[in-house]
Amino acid sequence: MMNLAASEAQSPLLPVWPEVVIGLIAFGIVFFVFAKKLLPAINKALDERREAIEGGIEKAEAAQAEAQQTLEEYRVQLAEARHEAARLRQEAQEQGAALIAEMREEGQRQREEIIAAGHAQIEADRRQAAQSLRQDVGKLATDLAGKLVGESLEDVARQSRTIDRFLDELEEKAASAESSGAAR
């Protein structure tokens, strides 16, 4: 009964000392195993993860910096390409304007050559027509004079002189008529 009396005397709030000592020894063993075996492995895994994250961040920052640098290079190249395109466009416009001016000058020169050749052809045709007309008029005048005089004027030299004299007189009359008409 003593035991019963002893257990009743003990309060439920107060721990039993042998159980406390065994609990502390068990806790110490678990703590020692945890501290020596598990804690270094956990710390190592955490350190590796931290380094991986920091390395990833550094790699990401480096990649971002490289991407920014590449973007800037592309922008510079694009600006240079635009500048080059503008320069080439300007050169093409200048060359086109020069080519147009050159073609106009060539066209003007060719037009003047054609006009000069046309005037020369007209002058040559006029001379030929005047010569042909002179011969025809001379032949008719000689035939008419021969009929009027009653003798033949077939002598070519005499006929030429007579025709030339007659036509020269006609030309002088026409020139004096033109000058008197212009004077009025």
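The model is a predicted one, in which local features need pLDDT of at least 70 and side-chain atom pairs count only at pLDDT 80 or more, while totals for chains, interfaces and linings use all residues. Residues are numbered from 1 along each chain as its sequence is written, and side-chain values use heavy atoms, with hydrogens and water left out.

E106 and R109 are three residues apart in helix α2, so about one helical turn separates them. E106 is partly exposed, at 31% relative accessibility.

Salt bridges that share partners also join E84, R87 and E91 into one network. Select R87 next, and then each of its partners in turn:

- E84: its side chain meets that of R87 in a salt bridge of 2.2 Å, N to O. The two residues lie three apart in helix α2 and are therefore separated by about one helical turn.
- E91: its side chain meets that of R87 in a salt bridge of 2.3 Å, N to O. Both residues lie in helix α2, four residues apart, about one turn of the helix.

R87 is partly exposed at 33% relative accessibility. E84 is likewise partly exposed, at 32%, and E91 is partly exposed at 31%. The count of salt bridges by this rule comes to eight.

**The whole chain**

Now zoom out and colour by secondary structure. The protein chain has three helices and zero strands, and its elements run α-α-α from the N terminus on. Helices (H or I, at least four residues) and strands (E, at least two) are DSSP runs, numbered from the N terminus. Of the 184 residues, 4% count as buried. Switch to a surface display: the accessible surface comes to about 16,200 Å², of which 61% belongs to carbon and sulfur atoms. Such areas come from the Shrake-Rupley method with a 1.4 Å probe; for residues, only the protein chains shown count as cover.

**A nonpolar patch**

Select V21, I25, I29, F32 and V33. Together they form a nonpolar patch on the surface, with about 480 Å² of accessible area. Patches consist of residues with over 30% relative accessible area and no salt bridge, like charges being joined within 9 Å and nonpolar side chains (Val, Leu, Ile, Met, Phe, Trp, Tyr) within 5 Å. F32 lies in helix α2 and counts as exposed, at 53% relative accessibility.

**The largest pocket**

Finally, select R126, A130, L133, R134, V137, L167, L170 and E171, which line the largest pocket. On a 1 Å grid over the protein atoms alone, a pocket is an open set of points where a 1.4 Å probe fits, with protein on both sides within 12 Å along at least five of seven lines; lining residues have an atom within 4 Å of a point. About 200 Å³ of space lies in the largest pocket. α2 (17-149) and α3 (156-183) each supply at least two lining residues, and α2 gives the most, with five. The lining divides into five nonpolar, no polar and three charged residues.

Key: Buried means under 20% relative accessible area, exposed over 50%, partly exposed in between (1.4 Å probe, protein chains only). Grid points are joined across faces, edges and corners, and a volume is the space filled by probe spheres set on the points. Ala, Val, Leu, Ile, Met, Phe, Trp, Tyr, Cys and Pro count as nonpolar, Asp, Glu, Lys and Arg as charged, and the others, Gly among them, as polar. A salt bridge is a side-chain nitrogen of Lys or Arg within 4 Å of a carboxyl oxygen of Asp or Glu.
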